[in-house]
Amino acid sequence: MITSPRLQIFAAISAIVVGVVGAALIASMFGAAAERILTVFFITLVGVVGIGIYSGNSGILSFGHVAFMGIGAYVSALLTLPAQLKVATLPKLPDWLATTEMGLLPATVIAMGVTALVALLVGAAIGRLEGSAATISTLGLLIIVHGVIIGWRDVTRGAQSFFGVPRETGIWAAVIGVILALVLARLYRDSRSGLRLRAGRENAIAATAVGVNIPRERLISFVLAGAVMALAGALLGHFLGAFSPKKFFFNDTFLLLAMLIVGGMTTITGAVTGAVVITLVTEFLRRLEGGFSIAGFDVPSVFGTTQIGIGLIILYAMFRKADGLAGLKEWEERVFPKRPPSGSAPALQEVHVSDSLTASNMTMQFGGLVAVNDVSLTLTPGEILGLIGPNGSGKTTLLNMLSGVLRPSKGAAIRGQNKLNGVPAHKIVEHGIARTFQNIRLFPDLSVHQNVLVAALSTHGGEDADSRARAALARLNVAQLAGESAGTLSYGDQRRVEIARALACRPSLLFLDEPAAGMNRLETDALMDTLRGLTRDLGIGILLVDHDLTLINQLCDRIIVLNEGRLIAEGTPDDIRQDPAVIEAYLGRGKPGKKTKPKNRDEPGPATELAG
Amino acid sequence: MDLFLQQTVNAFALGGTYALLALGLAVVFSIMGLINFAHGELMTISGYVLMYCGLAGLPFAISVALAISAAVVAAVLMERIAFRPVRNASGATMLVTSFAVAMILQVLFQNLISARSQAVLLPQFLSDSIRFGGLIIGINKIGAIVTTVVMLIFLDWFMKHQKAGIAMRASAEDFSVARLMGIRANTVIAGAFALSGLLAGVAAVLWVSQRASVDPLMGFTPVLKAFIAAILGGLGSLRGAVAGGFLLGAIEIYLAAFLPQELQEFRDPIGLCLVVIVLLFRPNGLIPSAALKAEKV
């Protein structure tokens, strides 16, 4: 399923087809040399978008995908190589392979399949690594595959040239390949999986909290990218006719990555832009490399002009446009922005779950520090429970344990019949628990609509995702911002979008971590109305952390108070206001010698009784 | 047994060089998140300075000092010219910038010096060897091991007891808080680069003294290995970089020595697969960086 407006996808695909076919027709008018240049460019472009499918959407730079290109080239070439030649040059091939001889199309399809399988195994193995470690591990993949190709002489002719491959890649084969790759990449970017993966790239913790299983989405894109790279490899192998392992090593990796990053890693527009710019510059500089004369002066030939030129272009592009020349949006997203939905928004569904969340004896230790110490609470749908306490009293840590971000050192949380302790973080939301974060965690480069939609798509099997997303946006009064990038919104709007995103998960319990922080009185009042509505109309239970005691007092049915990790009081707002332990925690004990209960200093007094 | 001990000495010599390079990468990475592909070119610059000093007939001690200072100066210049403009950009942007720098430098070496490998004149004593019982150990190997140990002790002292070192460690854990405490970003980053240049320079001297030649791509392979060592140890963690360097050196040397002949061609892939297996059990490396835990939710 595609998550972006049909108009955008339609515009993108038509532009791809028209552009590619048009370029091929123009090149065919200029003769064979131009056709060859364009064919190479198309194959390169397949490679660039192939890497982009993984790196662009996941945010993890991959050096390893050129290895998949190599695998694709060798596998397809082994299948198309004439049987006689195979017997002569590779005498140790197994019989079934030596006698196989097929056309480019079936060979390419098989090569893509085989490569996808390899990518699946590799991706499953290195999928646990994060960030730069993942990047460097893909570097390892490149070296490993290169080493295996060189070492496996019986099949690959080792470091020597693998020759005699039928030159079947003409301009039209490249046209078909590049259209396929570009359309696939474009569709994947806005598919459910692609959108989830991009959300994970922007903020892994928030994406997990709305139900995104990041490792799974990464694996999908890793395999898909591997298959597309195999396509590039098969086309390249059958274009060149002869190649060696060196062709699929660092030089080409750097070139493809440079194109991708200079253009803009996160979009297809960027991949195309980067490939075009760098190819044009390379072709231009290559002509200068042999020396030329200008106004009577002979400029001598300088070896490596091309590399220096590309290097300088990359530096210039990175200094000026760090996100790439094309920026962070597709061209069609700029030209045809998503309009805020018209007509009345659907209403959010009422909650029909009455299971309460019971947490008992929750304890969290960070090294020697006990951040939360033996705290128990219950939260039932339909009520608002306030959680207050001075800074550093363990409120957020408690929320993090209940929402699966942290694994408690001791204690258990139970929802209905289900124990939540062993549940992976991305499955917590399936138990009806959604949350917001103290320091806002939106997906800043995605639109507001996408922020909310990805949450709806990743919960309840994605059922009615669209209407849930619209209803949530409308409920928080941010529907008119649907097309904006979330990162550009004002602080208050970002907070509201975050609540809308949590609501789109159709939770029965909602954890809000300082939702009113940074809001003015007016905004806070509006927020209070909204939150009251959620419990009154929909029956959602809210666990509310805030320092705005007016908000807490007016809104909450019950309040629990933490101090230094311990629960020191629990009760109605009125009880809490009078509770001496709470007053002490917030205001201190008062000066000695004054008439306010001096005995408090000497004896434990009521404060500790309550705490126990 | 003798063979094993002999190879162990080799493993320490090679691992030490990897460790120094990995440390250089880790110092910069831990502070600004840059994976510096041009680190190898610092090595190459050192190598060429050593070569020219040899041709000019300078005493070896002075050549070494000049070679190392050249790497330090080059590292600081590299930061000032190429990396400062992209300092706050994403990791991908910085990485691409660094390989553009590496590419430009390589082409410059090829054009201005020579595309071919050049011999480096080294003092005779480096190629002598000493007997320890049944072991024959090259002076250059001993030199490499001793130098590595001295550098590691120096670095430990520097990071723990020097203001600049402590500032770097603080910046590595949380750069923004460190800046709020009055640590100057420019100074710390320039310092980190200088330190990484120093380490690259020392590694280059050790590397060249065992091979006696230098070419434009000299730094590429060892730095590639150093990347892997840094990941193996835990990216951004200094102790991890050292551990990863020694472990990788050991894996390579022992595989080269003890792998059956017919598998020798697959030595690199096998070695890297071992690294990947270690990483599968410890995804954040042998000694993970402290900054990993610092993210607040």
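Reader: Where does UniProt place the feature "domain: ABC transporter" in chain A?

Author: The UniProt record, an unreviewed entry, puts it at residues 357–589 of chain A. The annotation may be inferred rather than shown by experiment. The structure here is a predicted model.

Reader: What makes up residues 357–589 of chain A, in helix and strand?

Author: That stretch is 35% helix and 25% strand. Its end C-alpha atoms are 35 Å apart.

Reader: Which residues of helix 24 of chain A are called buried, and what makes them so?

Author: Helix 24 covers residues 580–587 of chain A. Its buried residues are Ala581(A), Val582(A) and Ala585(A). The cut-off is 20 or more other C-beta atoms within 10 Å of the residue's own. Ala581(A), Val582(A) and Ala585(A) are buried, so each meets that cut-off.

Reader: How do you know where they sit around helix 24 of chain A?

Author: Look down the helix axis. The buried residues fall within an arc of 100°, so they line one face of helix 24.

Reader: What comes just after helix 24 of chain A?

Author: Gly588(A), with a positive phi of about 85°.

Reader: How far does the predictor trust chain A?

Author: The average pLDDT is 89. In chain A, 94% of the residues score at least 70. Residues 596–612 of chain A are another matter: pLDDT stays under 50 there. The model has 18 contacts beyond four places in sequence for that stretch. Where pLDDT is low, the predicted coordinates should not be read in detail.

Reader: Now chain B. Why does its radius of gyration agree with a compact globule?

Author: Set the value against the rule. With 297 residues, a compact globule would have a radius of gyration near 19 Å. Chain B has 19 Å, so the two agree. Its C-alpha trace spans about 55 × 50 × 35 Å along the principal axes.

Reader: What else describes the fold of chain B?

Author: Chain B has 11 helices and four strands. Buried residues make up 51% of its 297 residues. Take the contacts in chain B with a separation of 6 or more: residues 24 or more positions apart account for 78% of them.

Reader: How many residues does each chain bring to the contact between them?

Author: Chain B brings 36 residues and chain A brings 39. On the chain B side, helix 4 (91–112), helix 9 (220–233) and helix 11 (267–281) give two or more residues each. Helix 4 of chain B gives the most, with 13 residues.

Reader: Which classes of residue make up that side of chain B?

Author: The side of chain B that touches chain A has 27 nonpolar, six polar and three charged residues.

Note on methods
Residues are numbered from 1 along each chain as its sequence is written. Chains are lettered from A and ligands numbered from 1 in the order in which they are written. This is a predicted model: local features need pLDDT of at least 70, side-chain atom pairs count only at pLDDT 80 or more; totals for chains, interfaces and linings use all residues. The radius of gyration is taken over C-alpha atoms; the globule rule is 2.2 Å times the number of residues to the power 0.38. A residue is buried if 20 or more other C-beta atoms lie within 10 Å of its own, exposed if 12 or fewer, and partly exposed in between; C-beta atoms are placed from the backbone. Two residues are in contact if their C-beta atoms, placed from the backbone, lie within 7 Å. Ala, Val, Leu, Ile, Met, Phe, Trp, Tyr, Cys and Pro count as nonpolar, Asp, Glu, Lys and Arg as charged, and the others, Gly among them, as polar. pLDDT is the predictor's confidence in each residue, from 0 to 100. The arc is that of the directions from the helix axis to the C-beta atoms.
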